Amino acid sequence: LGLAELVLGLGLLDAVKEEAALGVKENDTVKVNLATGKITEYVKFETGNLCYITAGNNAGRIGVVTHSEKHDGSFTTVQVTDASGVSFATRMENVFIIGNETKSMASLPKAKGVRCTNTKTAESHALPP
């Protein structure tokens with residue numbers, strides 16, 4: 001199933017028409033009210049927006065898109081910086097935009113998507129003396 005088939009199957013034809021009117025493009029994120037079928041919010045895929053990494057070695061991390069590079073004949077690479085200031089790179093296919101700058105469209109976990117080192121994880125799970 002393609003995206004258009006899935007959307008039409010869910011009866012969200014109005015949302016598809018609205019996307020075209022708003023200028024929503026590939027890799028942008030759209031928030032749809034399922035009851036009304038209307039777009040309530042959308043965020044463009046651009047530098048400075050908050051993102052969630054969906055796959056790869058950095059899956060589960062949250063950060064801000066700092067740079068995007070298109071490589072001819074290869075993958076587009078996106079540079080992301082997390083809340084602790086650590087920068088990492090991933091493929092564009094792994095990036096899902098979740099908000100403008102620091103305002104997320106969804107609630108974030110307590111750690112805000114920052115990856116802990118093995119030592120920090122062990123310390124947080126250790127029993128108190």
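**Sheet, hairpin and charged contacts in the predicted model**

An open sheet of six strands is arranged in the order β6-β5-β4-β3-β7-β8, with antiparallel pairing. Strands β6 (87-91) and β8 (103-104) stand at the edges, each with a single partner strand, so that one side of each is left without a neighbour in the sheet. Strands are taken as paired if DSSP finds at least two bridges between them. Strand β7 (residues 95-100) and β8 pair in the antiparallel sense over two bridges, and Gly99 stands opposite Ser104 in β8.

The model is predicted: local features need pLDDT of at least 70, side-chain atom pairs count only at pLDDT 80 or more, and totals for chains, interfaces and linings use all residues. Residues are numbered from 1 along each chain as its sequence is written, and side-chain values use heavy atoms, with hydrogens and water left out.

The secondary structure of the chain comprises three helices and eight strands, where helices (H or I, at least four residues) and strands (E, at least two) are DSSP runs numbered from the N terminus. Along the sequence the pattern is α-α-β-β-β-β-β-β-β-β-α. Of the contacts in the chain with a separation of 6 or more, 41% are between residues 24 or more positions apart; a contact here means heavy atoms within 4.5 Å. Buried residues account for 26% of the 129 residues, buried meaning under 20% relative accessible area, exposed over 50%, and partly exposed in between (1.4 Å probe, protein chains only). The accessible surface of the chain is about 8700 Å², of which 56% belongs to carbon and sulfur atoms; accessible areas come from the Shrake-Rupley method with a 1.4 Å probe, and for residues only the protein chains shown count as cover.

Strands β1 (residues 29-33) and β2 (residues 38-43) run antiparallel and are joined by five bridges. The two strands form a hairpin with four residues between them, and Gly37 in the turn has a positive phi of about 75°. Thr29 has Val43 as its bridge partner in β2. Glu26 lies in the loop between α2 (13-22) and β1 and is exposed, with a relative accessible area of 69%. The C-alpha atoms of Glu26 and Phe45 are separated by 8.3 Å, the two residues being 19 residues apart along the chain.

Two salt bridges are counted, a salt bridge being a side-chain nitrogen of Lys or Arg within 4 Å of a carboxyl oxygen of Asp or Glu. In one, the side chains of Lys44 and Asp28 meet at 3.6 Å, N to O. This pair links distant parts of the chain, with Lys44 in the loop between β2 and β3 (50-53) and Asp28 in the loop between α2 and β1, 16 residues apart. Lys44 is partly exposed, at a relative accessible area of 29%, whereas Asp28 is buried, at 16%. A salt bridge also joins the side chains of Arg61 and Asp82 (3.0 Å, N to O). Here too distant parts of the chain are linked: Arg61 lies in the loop between β3 and β4 (62-69) and Asp82 in strand β5 (residues 77-82), 21 residues apart. Both Arg61 and Asp82 are buried.

A charge is taken to sit over a ring if NZ of Lys or CZ of Arg is within 6 Å of the ring centre and within 35 degrees of the ring normal. Arg61 lies over the face of Phe88, at 4.0 Å from the ring centre. The charged end of Arg91 sits over the ring of Phe75, 3.5 Å from its centre.
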